[in-house]
Amino acid sequence: MDSTLFSYLDYAVYGTAVIVMLIGFYGAMVKKSLLKIVIGLSVIDSGLNLLIVAIGYYKGGTAPIFSQGFLENFKSVSKMTDPVPQALVLTAIVIGFGVTAVALALVIRLYRHHGTLNIDEIKNLKW
Amino acid sequence: MKKVLVILLLAVLGYYTAVTFFDIGFGQPHFVAGVKPVKDIYLAKTVKPLTVSNAVTSIVVNFRGFDTLGEVTVLFLAVTVLGSVLYKKRHAVGERSVLFNASSIVTAGSKLLFPAIILLGAYVFIHGHLSPGGGFQGGVIIATGFLLMLLAYENYSVSHTALSIVESLAGITFAGVGLLGFMHGGTFLQNFLPAGVLNNLFSGGIIPIIYIAVGFKVAAELTGVIYTVLNEKGESNG
Amino acid sequence: MVGTPVLFIAIPLMAAFLIPLLGMIWKELVRIVPGLVLTYLLILSINLLDHVLAHGPIVEVIAGWGPPIGINLVFSALSGFLVVLMEFLGLLVWAYSYRFKRNVDYEPALKYFLMLMMLITGSVGIVLTGDIFNMFVFIEITSISAYGLTAFYKGRNSAEASFKYVMMGSVASTFLLLAIMIIYAQLGTLNMADIANKIHLMNPTLKIVSYIFFVTALGIEAEIFPLNGWAPDAYAEAPGPVGAAFAGIVVKAAVYAIIRYTYTIFDLSGTFNFLIIIGMITLIIAETAAIRQEKLKRMLAYSSIGQMGLVMVAFGFGTEEGVFAALFLMLNHAIIKSLLFFSGSYLTYNSTDKKISEVNGMSKFLPITSLLFALGAFAIVGLPPFAGFWSKLAVMTAAADSNMILIMALVLIVSVVELVYYLRVVNRVYFYKKEADVKPKRPTVNALIVMITLGAIILLVGFYPDAVTGLLHKASAGLMDKTQYIHNVLSVR
Amino acid sequence: MNTIYIIFLIFLGGAVFTYFAGKIHKVLQDILFLVSILVPAYLFFANVEIGQNVNLTLGGISLSWGINYFSWLFSLIVLGLGSLAAIYAVGFMKGEKRRGYFYFNFILSIMAMTGILLSRDLVSFFVFWEIMTWSSYLITIYNGNKVQSIGIKYFVFSAIGAYAMLMAIVMVHHITGSFLIGDMIHAYPAMALSMQIWIPIMFLMAFGVKAAMMPLHVWAPGAYSNAPMAYTSVFSGALSKMGIYGMTLVLVTMVNHIPQGVWFREVLAWLGGITAVIGTLWAIQQDDAKKLLAYSSVAQLGYIITGIAIGTELAMLAGLFLAVMHALFKGTLFMVVGAIEKQTGTSNFTEVTGLIRKMPWTFLSALLAIIALAGIPPLGGFVGKWMLYESLITSNHYLLVIVIFFASTAAFLYCYKFLFGFFMGQEEKEWAHVKEAPAVMVLPMLIMALFMLVLGTFPGIILNPINHGLQALGYADSYKHLWDTSIILNSWGNKVVLQPILYSIAGIFLFFIAFLTWKGYKNTRFISTKDISSSGEVPKEDENLTFSVGFMQPFYRAVEPAMRRQIDKYYNAFADGLEATFEFLRRIYTGNGQTYAIYVIVFVVVMLLFKDFLF
């Protein structure tokens, strides 16, 4: 990595994404409330999605859309940002949504069954 | 104690993850030397032969359309699982956690907004191959319209049967188009419609069709999710 | 050729979307259609496998874009073998639970069969796909169906088990995506063969980190030791046949993913030893946890985890013999553990806690089920002349040929532990007095047929292992030959 | 199709059909059972040619089945005793529950033993070995949940042994690339030294378990005494001989080829000797005839092990001859106990007495078997023991002679106890209704008794085949060679010199017994056996006062300190400790989903930290 090209912004985007993920992990692993755990899990997803989108970004790149204007004063295709991470993140978001929905439904069930949202009290299955 | 441990662990994990991505580098070409990334091929082929303006759409629906089929299935499954997890023997109609009408400003406003939201959603997914957006985004917008109505009116209800029919039909359309492509060209999801002219509504072959199906499906499924969860009473003794 | 690999995905998806509509016409259809689909796919998979064994692997591209642009499916001897196994087991699970759910309402029945079908489809997709991101999608399809199936029964602690599974699953998908993105950011491609072709260009540190993330993510599904906390709970709380499906189908798919990454995609040194280490730890911890279990299904679950550890060890030898042994083990485990889950869930049918003590004296009331359970127990600990013996012999032979004497000794010592707890249960079934408040439930005809089929296969493989060894040898040779795989995939246009 | 295939098919099919025939008719089941044992036995001896192998390939592994003189000798024990025990079993199992289960496993274990003897390759050897183990295990636990732990102990020991053998087998395969026993023997002298040492040790572990050798014998008493007696006669008589068979093969074909082999032999011989002593001492203390015989079996196997471990020609003859004799007399004795148990409902000396008139034929066979066991001429046991002593002395194992001699003298004590406890003494009213066992049960016992008599008189009948067997193993024609050197053989056989003397000894002995019996009978007054009271002590109501109680009290008071340290206890303590560790280990699964998630992070972090080390 050429360090001269490295600006603080470079650290910032990935750093933020990673920190968001870590916050999510922390929430999922330390907080006692089931809801907070689920929130933690979806915060992890958010951080991850941010990270993925950031990979596809090029400095000064345009959106990967061949609009009329783009075609008229034709710029190089390499000026476009990478569309693949964007496509992947779309899938990841949808899947994350599905998982979160299922998790929330389970939280409802657990609350119905145990009458509490504290994960420490939901330990009927062990060893 | 546990917190400290977790923070320590996460610090190490975060350090390595961050360093890894710093190594990759941000905002500049990061592929290793001597590799021709597929994104170049995608970008090149989006205009010709696919005649799609939005490269993300071309990837989502065509190049990696199989992923999208899986994605739609994930949503469909999520709804199924939700229904299974929250299933109760007797469905009492109108038993909702939100049991009051919103103020008249909200109700009137929602009535006003609802068609507009639906229209916007439809626009977004119909033009998914031309502009940013697509089936998922459009579907979500439509679902927010339903969410708005559900929140505003105490006894607004959506027909479960209708939702499931829309969902199924949309899914069948997606998979069916794929199978038609299979019969036509020998590979699943192959384009079999004329490509059209770039940047026109009728371009991109089967892509708009699939995206419209996806739009309907996502809308129906998200509405289904919201509706199922809303109909869930919060008492602990269920 | 009668069809192509994509039908394994397309047809069940089509059917899944259709079934709610069909259910509106005639409610029984929601039970029948999945069975028809699975039967068709089983026949198709056998035909394709036949073709593949004669003419070499089929590589199918999706949407007309050859690799590495589009997604492709690879139906080789290895993946074909696993697909046949999965479709077969899926069909059996379907047949077993066909009437099992009679007393369940229409809505849950619909959802049960949908989820079951998607579980199988997702696993088959994991095995067939030649694209890492597509594999991620299929893993998620499998997991979400698995969450739903785990939480299927109300009244039990199933939601708790499922919630744990969801937590672990989300973490898994996070790491999986991270790993995929690292690979993509370096090599600009998502196709497995293409990655394998270019992996030597990658920054070694990044390569290692992405491998670690992959193994962690897939290890959660494959029940590797510190990552398998969800497994015993999920197995124990899911309906009996679903436990069989987990052990026979889902885990197999995850293990396949791990070995595909280890053998084909990554070219790291030390991965094989790593597989041996985690496999051994998994094996030892799981078997020691199993011996003290009080609940039958948990015991079976731990045993299943242990077997997967052994499979990992066998893959870790890194020789063709080792792969052969591991595949044989996978086959045997799928069949035998399914039989144990099927018969075990009838032995504890009406009990609330599913305690091991509740199987006491069941042989008088459920003679055939008990006999089949005993057969399964004998087979899984590797007693000849049942199927499990040949795989154990294969594992040992492979270990000896890799000079892993210590591993051999440890595996055998652990086998003794396994032997003890299975024998205890069998003895209870046959020689203890029945507990008064337990009401036995006679198995239904379809369940009985399913169990007898599995028992017959165990005996068949036991007495005539040649029935499968030829296929397994071809499959293992296919896995070992990395360049051939890359060539096969990348030469398709 | 080759006869060997037919034999296995009949065994297998017979087992399955017998199992299900019980659903149709009991007699049909009995007939099928007998057919599926006797017909293969007949076919085996009539049609299987010695020295001809059948080769087949299964699962890519080439297997070979065939027979040589040495294994033929053992098949004589297995199939002969098996057939007789099968006939006996029909009577024994009459009216019992779970007959199908018993018959099924009986047939399978006979099949497995035949298979072991037929195996010319290690895989089928191992397969049959394991089938033998589990079928015998299943019969051991026939009596229900009380014997569960005994059964599991048996199986665990067998499994440890078998897995040791499996390790040896795959190591051999690794070296030679083949599973054939012939190839193994061929390649052995050229192996690395560590392999040369470890492979025999691992094989010997497996065989030592089955032969109830000293530290591995703890399963044997329980298993022998708790299996149904109809099977125990095979279990102790034939199945344990499989251990001897394997041991002999290992010693002759492997250990002989390395200089360290001497040590193997010394250790084994001593283990055998110690086994004999321990078994005998424990046998004396038993009040239950089954237990007594079980321990006695362990002791007898000890002699046999010593014999074959010494490994001179004479010692081999002695060991193998003793093996045959042991099969005969221990088979008979277990049958006797079975008959008594069947007729009276108990096998405890302290409860049953005075059966001599009730069950005369049973008594006769018991008497002959006991005489053989004790090694009194003219029955076969004497010849065997004599040869054993002689071989020990000629190979300079003087200390061992003393040990063995002690054991076999002490054996008289339990022999006496057995005979006296059951048959002598007063007749109790309680047992007045007892009848002789049915002919089906008596006949096999008498046939075996007859054999013992014949073999005692003309040991050449069996020594000749043993000699052939040893020649097949590469020994010189020892029988002829020993003809001139051995005292006993020199004066026996054709040139009968010692015979009249021995007969006179036996005659005097029998006469003495008869005289005493008659005399005693005349001089006794009939009182209940429970009517004896020790001097000065007032017996309590519930105290068992049969004279058999505390029969050898002074003797085992003397040996008690030595007996207190049972190996059993150490094994149990080890197992308990292991289970406690397991209990602790499984608490890793805490049941909290968050903990599991933390494990995942720990896993990743550890791998990341050690990534340079791992990859």
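**Chain D and its neighbours**

Modeller: Gladly, starting with chain D: among its contacts between residues at least 6 apart in sequence, 78% join residues at least 24 apart. Do keep in mind that this is a predicted model.

Colleague: How many helices and strands does chain D have, and what percentage of its residues count as buried?

Modeller: The secondary structure of chain D consists of 25 helices and two strands. The chain runs to 615 residues, and the share of them that counts as buried is 54%.

Colleague: Which element gives the largest share of the side of chain D that touches chain C?

Modeller: Between these two chains, 44 residues of chain D are in contact with 50 residues of chain C. The elements of chain D that give two or more residues to this side are α5 (122-140), α6 (148-176), α23 (567-585), α24 (593-609) and α25 (611-614). The largest share, 13 residues, comes from α6(D).

Colleague: Is the crossing of α4(A) and α6(C) left-handed or right-handed, and how do the residues of the contact divide?

Modeller: The crossing of α4(A) and α6(C) is left-handed. Its contact includes Val99(A), Leu106(A) and Arg109(A) from α4(A), and Phe163(C), Gly169(C) and Leu177(C) from α6(C). The residues of this contact divide into 13 nonpolar, five polar and two charged.

Colleague: What span should helix α3 of chain C have, and how many of its residues are buried?

Modeller: Helix α3(C) covers residues 77-97, and at 1.5 Å a residue its 21 residues should span 30 Å. Its end C-alpha atoms are 30 Å apart, in agreement with that. The helix is largely enclosed by the rest of the structure, because the number of its 21 residues that are buried is 20.

Colleague: And for helix α4 of chain B, how far apart are the end C-alpha atoms, and how many residues are buried?

Modeller: The 21 residues of α4(B), 65-85, should span 30 Å at 1.5 Å a residue, and the end C-alpha atoms agree at 30 Å apart. This helix is mostly covered, with a buried count of 21 of its 21 residues.

Definitions and conventions:
Residues numbered from 1 in each chain as written. Chains lettered and ligands numbered in written order. Predicted model: local features only at pLDDT ≥ 70, side-chain atom pairs only at ≥ 80, totals over all residues. Helix = DSSP H or I, 4+ residues; strand = E, 2+ residues; numbered from the N terminus. Expected span 1.5 Å × (residues − 1). Buried ≥ 20, exposed ≤ 12 C-beta atoms within 10 Å, placed from the backbone. Left-handed = near helix turned anticlockwise from the far one by under 90°. Contact = placed C-beta atoms within 7 Å. Nonpolar A, V, L, I, M, F, W, Y, C, P; charged D, E, K, R; others polar.
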